[in-house]
Amino acid sequence: MNSIKNMIETAGWPRIIIGLFLLSLFMVAPLVGVKVSTSIHDTIVRFGRNGVMVLAMVPMIRSGCGLNFGLPLGIIGGILGILISVEMELVGMSGFLTALGLGVVFAAFLGWGYGILLNMVKGDEMMIATYVGFSSVAFMCMAWLLMPFKSAAMVLSYGGSGLRTTISMDDFWTDLLSCSLLDMLPDAAASFFSQLDISFLYKILPDGLVAWAVSVVQFIFLEQAMGMILFFGFMCFLVWLFFRTKVGQAMNAVGQNPDFARASGISVDKMRVLSVVLSTVLGAVGIIVYAQSYGFVQLYLAPLYMAFPAVAAVLLGGAAVGRVAIVHVLVGTFLFQGILAMTPSVINSALKGLDISEVLRLIISNGMIIYALTRRTKEVR
Amino acid sequence: MTGDDMTDDPGGLFRCEGISKAFGDTRVLTDVSFSVGRGEVVALVGENGAGKSTLMNICFGMPSIIETGGYSGQLYLDGQPVRFGSPKEALEAGIGMVHQEFSLIPGFTGTENILLNREPVNRSLLESVFGGRINALDRPRMEERAGTALSKLGVTLDQQTHVSQMPVGNKQFLEIAREIDRSRTRLLVLDEPTAVLAESEASILLEAIRKLAADGLGIIFISHRLREVMELCHKVVVLRDGHKVAEMPTRETSVRQIAAFMVHRDKEEAEEQRVAKDFSAAPTALSVRHLWVDMPGERVDDVNLEIRENEIFGLAGLAGQGKLGIPAGIMGLKPAGGEVDFYGQKLPLNDPRACLAAGLAFVSEDRRGVGLLLAESIQMNIGFTAMQLQKQFLKNYFLFATVDEAALEKNALKYIDELAIKCSGPLQKAGHLSGGNQQKVCLAKAFTLAPRLMFVSEPTRGIDVGAKALVLNALRRYNQELGTTVVVTSSELEELRSVCHRIAVINEGRVAGILPASAPLEHFGLLMSGEEVEPEASAPCGEAVPAEVGA
């Protein structure tokens, strides 16, 4: 009894409630004619697509700078990287890597300024960060029109100058990270698995169970989003590793107790700036991963709407304004994106003839943001 | 004990009888009785923690007293037994209190502050509809009443100036004027009213208090400046460890005698540990010249010290006099200026990293605020600073290094054993430990740095007796075995006398004098009260620093 209580406490009620809701959606889905495998695929794709942007919350929360409402700044850095890479007409991996490299450089530069700004407003970081997001997006709305890009894939076709609102990545590097585990395995191993004889399992285990297990294994090995998930996992590992280093620990200490950090000879301001740079860089990487999976880059107001879902996801995962772990990112992104993928398709199928999926998506995502913000765990100092 | 006779003055204005108070298991007041007559100024003196504030809080009906189980004993006002349930009741009965911290609104004028919430008003018809709060203030009468209150004090100040633009002295007068304006006020409690004042301002204030007493007010005057007490008061009541140890007319006593009553201990304990070791030949470890530190509540004005290698040096003094500011300033945690040399090398101020790198370490008095990462494990807390500064406890890989938990654990286990830290293991969170064990973790953190000089502030504050002995023994051991120079700051003089070789008494942001630990207790008491001690009493190696006396 006690252990169940402990488990519930560790997981937290918000996650249990949302998790059960998501589970019920998966169970209802076949009844209204939504294919479960499609639902799961959708959820996983969304999970991998948005994960890095949620991860971008971590360094700033750790250093005590609060939630990164200024995520649009990092996204702008990433978009700049993408645009230049497209302008250079680089395709495939070279295009992707160029975008990443440039995006990281732009984001680091922007994040550095953003960090210095946040150091001037200690205690009000989140409010200021929100407005940094707003104003940077507004500024870029003008800049996108004036930037001297020439590529026909990007500029407005009627005027020949100024960037389009939506730029298709199809000709460059869409779905670059999409590959299944099977694709990644060496040919010999792949052929070994494909020829594996599992008929003996049917003899010792109930047929239903084996069939289910086979479909799960097939799913894992054939799911095309696995490449992106692995990339996300790798980014999580890097962030985790960073917080195991001396600098990472120092950043952690700055967030937990700035006076302690100062007394240990750590420059609080420098650590905070570094954390903001890291968060912004992760935001840039996040949008590049997003763009290659989504197939489009959206300019103008689009970056503005990317911060809140990321904030909501990390809060939903169990993070607080002053406390976060990688597991919060994983759980939160999965639950948030899962609900976002499932609810509209299930409800839409239930109400035949009405297409309200976009409206529903808005209601659900914003509803969850409110829920996450009100349910957030109180900061433990 | 002298002067224990209860003066049952029938004309007595206010009387406490047999007041006792305990917070949980700690008794802070035991059977305290004294009385204040009309027109009498009674001084209440004692060290920090003697029970002065608690006694005054009881007299004033503060909620902190009632919430912790009330008190026993009886208060009498005008011969009538009284028991106040709230400060409001005490105010209505005629007790005024001026606290050490100002409670004035900076953006209001002097007049407005004096009459806050008691303003005379012009009544209007609206009152019958909206109640009294709608009435307009009667400005001319307000000015008049504020002026009357101030003139009773015998001071003139521009009562229309905003408080934020007034000098500190005027603020103190406003606080008192506010209490006087209540027509019922018959007993006035002044808690360290001169602490923030310059000498000239203080003497005006003392004059004002005399004037109020002449008008028939009873006054309880709390101060650590014994000279003021002698000058102003008719009677002095000395508290020590919650007991009244003396009550005597000031004309029958002396500053020296009061000081002795304040610090006297029945048993001279642990005498053998006070080995008078002579360090005058040892090289100077730390030399401090003209240090000032801007630490709120513990300001340091001008401190000069020479601390010798391998000695245990004590910093004593009452709370708020600046002893805690000295280590915090030298270690760069509070804005500071002046010159500090460490083994002849100039130590940059306001740079904690440079101090730590030079081989200094600091155990802060604020364990939970500065000393610990409460949400981290014991082993991380102990090893953290050494990891950041000396790259200890790191496992190197080709391009980066991560935390070496095994090495951290090994180090933590060593100190858990040596310092007897009671915990479930090195991975327990520091926030879950008791105060004494947290203190040991803080010490272990400093020891892990293997410093040449260690500052330890209030090492035994809020921890139990057993842990106290252990902590002090650990300091002694590290001092002897590793030759670490230790600078201990403490409010507990006895504790300092048992571990230190020399003790500097800090008073009003300056060094009042440096004494060997074996010096008689009343000498310490005198220095803490801003008095001088004859030259032969000062420390054998204090010659480098003239014993300065705070004004």
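## A helix pair in chain A

Helix α16(A) passes helix α17(A) in a right-handed crossing. This is a predicted model. Two packed helices are described by the angle between their axes and the distance between the axes. Here α16 (residues 307-316) and α17 (residues 326-350) of chain A pack at about 115°. Their axes lie 7 Å apart.

Which residues of α16(A) and α17(A) make the contact? On the α16(A) side they are Pro309(A), Ala312(A), Ala313(A), Val314(A), Leu315(A) and Leu316(A). On the α17(A) side they are His328(A), Val329(A), Gly332(A), Thr333(A), Leu335(A) and Phe336(A). Sorted by class, the contact of these helices has nine nonpolar residues and three polar ones. It has no charged residues.

## Chain A as a whole

Chain A holds 18 helices and two strands. Its C-alpha atoms fill a box of roughly 70 × 65 × 50 Å, taken along the principal axes. A compact globule of 381 residues would have a radius of gyration near 21 Å. Chain A has 22 Å, which agrees.

Of the 381 residues in chain A, 42% count as buried. Now take the contacts in chain A with a separation of 6 or more. Residues 24 or more positions apart account for 77% of them.

## A glycine in helix α7(A)

Gly133(A) sits in helix α7 of chain A, which covers residues 125-146. Is Gly133(A) buried or exposed? It counts as buried, because it has 25 C-beta neighbours inside 10 Å. The cut-off for a buried residue is 20 or more.

## Chain B as a whole

Chain B has 19 helices and 24 strands. Its radius of gyration is 26 Å, close to the 24 Å that the globule rule gives for 551 residues, so chain B is as compact as a globular protein of that length. Along the principal axes, its C-alpha trace spans about 85 × 60 × 45 Å.

Of the 551 residues of chain B, 50% count as buried. Contacts across the sequence can be counted here too. Among contacts in chain B with a separation of 6 or more, residues 24 or more positions apart account for 68%.

## A four-stranded sheet in chain B

One open sheet in chain B has four strands, in the order β2-β1-β4-β5. The pairing is antiparallel. Which strands stand at the edges? They are β2 (26-37) and β5 (80-82) of chain B. Each has a single partner strand, so one side of each is left without a neighbour in the sheet. Neighbouring strands of this sheet are turned by 25° against each other on average, direction ignored.

Strands β1 (residues 12-23) and β4 (residues 72-77) of chain B pair over five bridges, in the antiparallel sense. Arg15(B) stands opposite Tyr76(B) in β4(B).

## Where the chains meet

How many residues does each chain give to the contact? Chain A gives 17 residues and chain B gives 22 residues. On the chain A side, α13 (246-256) and α14 (258-263) each supply at least two residues. The largest share of that side comes from α13(A), with five residues. By class, the side of chain A that touches chain B has seven nonpolar, six polar and four charged residues.

Notes
Residues numbered from 1 in each chain as written. Chains lettered and ligands numbered in written order. Predicted model: local features only at pLDDT ≥ 70, side-chain atom pairs only at ≥ 80, totals over all residues. Contact = placed C-beta atoms within 7 Å. Nonpolar A, V, L, I, M, F, W, Y, C, P; charged D, E, K, R; others polar. Rg over C-alpha atoms; globule rule 2.2 N^0.38 Å. Buried ≥ 20, exposed ≤ 12 C-beta atoms within 10 Å, placed from the backbone. Pairing = 2+ DSSP bridges. Axes fitted to C-alpha atoms, helices over the stretch in contact; angles between N-to-C directions. Left-handed = near helix turned anticlockwise from the far one by under 90°.
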